[in-house]
Amino acid sequence: MFDTIFINLIDGFKIILQVKYLMYALFGSLLGTIVGVLPGIGSAGALAMMLPIILVLDPLGSVFMLAATYTGVMYGGSTASILLRVPGDTSAVIACLDGHEMAKQGNAGAALCIAAIGSYIAGTIAVVGLMILGPFVADLALKFSAPEYLALYIFAVTAVCSLVGNSMVKALLAMVFGLMISTIGEDFMGVKRFTLGITELWDGIQFLSVTLGLFAISEVIINSENILSNQKREVLKHRVFIKLKEIVYSFWSIIRGGFIGFIIGVLPGAGAGIASFVSYSTERQISKNPENFGKGEIKGVAGPESANNAASAGAFVPMLALGVPGSATTAVMLGAFLMLDIQAGPMLFIERPDVVWGLVAALYVGNIFLLILNLPLISLFVRILYIPMAILLPIITIICMLGIYSSDQLTLSLYLMCLFGIIGYFMRSCDYPLAPVILGVVLGTRMEESFRQTMIMNQGNFYQILDRPIVLIFFGLAIVSILIPLMFNKIKLDASDVD
Amino acid sequence: MKLFYKLFFSKQNLLATIFLITLILYFISSFDLEKTIGEDVVGPSSFPILVATFGFLLLTIYFLKSLKTLNENDPITFEVIKNKFTKMAPIFITIVFVVLFELIGFLFSSFLYSFLFILYLKKTIKYSFVFSAIITLCIFIIFYYGLNFQMPMGELVDTDKLFPFLEDLKKMIY
């Protein structure tokens with residue numbers, strides 16, 4: 001089996017290593033990184049923007065360029081999160097926590113470097129996984145039905161809420177708030193809920209209005225407050241590169257992130273966002289110093305960043321092997337395949353091995369380009385932090401507004417961004433974590449869908465899902481993820497009592 | 001009464017109280033939704049009710065926990081509220097920007113917004129003017145020409161008619 005894979009991969013490299021295709025991959029990586037930095041476009045949007053361009057290329061060149069763009073966007077998304085606390089995509093939200101803290105401490109370069117290195121290593125792990133485990137994992141993913149997804153979402157929610165912020169109750173309350181937001185609009189049966197008679201709310205509240213409001217706009221308010229209260233912003237001399245010992249220290253986080261990301265990426269609908277959340281909670285759970293998370297812990301950047309890149313490669317497994325797009329991005333990719341007259345599915349491996357293995361090789365090459373492009377660019381990106389705040393703050397707001405407006409052309413979404421900015425500001429003043437709100441918004445709709453489908457499958461008997469082994473594993477993990485931090489806090493309290 | 005006030009209207013708990021009120025309204029509204037449709041066993045109201053119930057449970061734990069630290073709670077006063085809202089001037093400037101965004105178009109609204117914002121941060125008029133113009137133009141060029149974004153050109157003041165070359169240039173590029 002390995003011989004065949006190796007021969008196929010060599011063939012794939014023979015194709016991608018032609019100068020023409022290398023140029024396409026380079027262009028895709030560069031464009032993806034630039035577009036990824038901007039909020040509101042996202043990987044699906046970036047690929048959609050590429051569609052008119054790829055129509056004039058040959059099919060293989062198009063596929064390579066799309067693959068390279070995809071990996072570029074996944075990396076670029078974290079740049080704005082780390083530097084400005086402006087997450088443009090779900091998968092970039094978690095980078096705001098420790099990545100932005102690192103930037104505040106003058107370690108922006110190190111954060112960006114570890115994101116680039118992690119993305120490269122995890123991306124490579126995922127591509128190897130795609131090659132070897134692709135067909136097997138795709139089979140396993142098919143065993144996931146509504147109850148398994150429900151259990152996965154419950155695990156993701158509990159794992160994150162138990163670890164983000166200082167109080168688990170506050171984190172869970174924030175998550176409930178996110179879930180409430182997710183129920184606004186039409187449900188999957190077409191019933192309109194909590195729309196207050198506003199037609200624009202039928203599609204629900206846009207994810208970007210919530211995320212950019214909570215994170216970016218609240219940051220703008222807090223920073224202007226600091227400027228006006230004459231709190232001088234410390235202009236730190238930012239370290240542009242990372243130390244070798246920091247790479248060694250984060251190495252296993254990157255590897256774990258790569259595996260977590262790949263497995264979650266393979267599950268249709270789970271996506272890079274969940275992968276980064278789960279990776280973050282895993283890293284904090286097993287860390288010797290969990291109290292450092294949220295305060296600029298490099299592993300809090302390395303793990304999730306690796307996971308989201310690996311998830312983007314993992315998402316290719318169901319798309320290539322089954323013709324099932326697992327995310328909006330792979331759906332656009334599948335659309336592009338159709339435009340290019342390439343039929344994804346089990347026969348693709350037999351009929352068009354050049355596409356499959358060329359794509360695998362393109363992902364390898366895309367990852368290398370990302371590393372080569374991004375390491376020198378880091379010194380340029382870090383310079384953003386030297387722009388005076390009085391100029392940077394209106395730029396952030398205007399870019400956020402354009403990002404939101406471009407996705408639905410609704411002024412209501414902009415008003416909602418302002419509203420969530422106010423909410424985010426008060427939440428931060430009262431020490432409520434913001435990430436669980438986003439998790440609630442992202443998972444709410446899927447969680448509800450899985451819940452209702454599970455109830456339909458079991459004719460109203462919820463307990464029947466406990467007969468499923470995968471469900472039991474996830475429920476077990478969810479309980480463990482709640483208990484471990486509680487036990488850890490108890491041990492810490494006892495220790496302080498003894499002192 | 002004093003205990004009630006301290007519990008629900010202290011600086012630390014005010015947000016939780018507002019959330020409690022929102023949750024009650026959400027919970028009541030979810031009963032107005034249709035119960036079940038077709039083969040759907042639990043119906044569209046089930047998940048919101050579940051979420052609200054979980055929320056109530058968490059809020060109960062939260063308020064019970066905060067009973068322990070009740071004496072440390074600072075009462076909320078009119079001064080505190082006023083102070084908080086004064087600090088939120090940037091958001092009010094942003095709301096003005098949103099109102100004007102479609103009315104006078106991106107170019108003018110963005111310039112006005114940056115100008116007011118920089119001025120609010122105690123910079124000189126000249127400084128605000130120059131940097132607002134630079135910010136607006138740079139963002140416009142990158143997004144409108146570079147990324148082919150749709151931008152409002154204005155209903156009251158039509159930027160397209162005022163500066164027809166903007167659209168022509170875009171047509172030339174794309």
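1. Y75(A) is located in helix 4 (residues 59-84) of chain A. Helices are DSSP runs of H or I with at least four residues, strands are runs of E with at least two, and both are numbered from the N terminus. The model is predicted: local features require pLDDT of at least 70, side-chain atom pairs count only at pLDDT 80 or more, and totals for chains, interfaces and linings use all residues. Residues are numbered from 1 along each chain as its sequence is written, with chains lettered from A and ligands numbered from 1 in the order in which they are written.

2. Y75(A) is buried, because 31 other C-beta atoms lie within 10 Å (buried: 20 or more such atoms; exposed: 12 or fewer; partly exposed: in between; C-beta atoms placed from the backbone).

3. Beyond its neighbours within four places in sequence, Y75(A) has contacts that include T33(A), G36(A), A115(A), S119(A), N309(A) and N374(A) (contact: C-beta atoms, placed from the backbone, within 7 Å).

4. Chain A contains 22 helices and two strands. Of its 499 residues, 59% are buried. Among contacts in chain A with a separation of 6 or more, 81% join residues 24 or more positions apart.

5. The contact between the chains involves 48 residues from chain A and 45 residues from chain B. On the side of chain B that touches chain A, helix 3 of chain B gives the largest share, 10 residues.

Technical notes:
Two residues are in contact if their C-beta atoms, placed from the backbone, lie within 7 Å.
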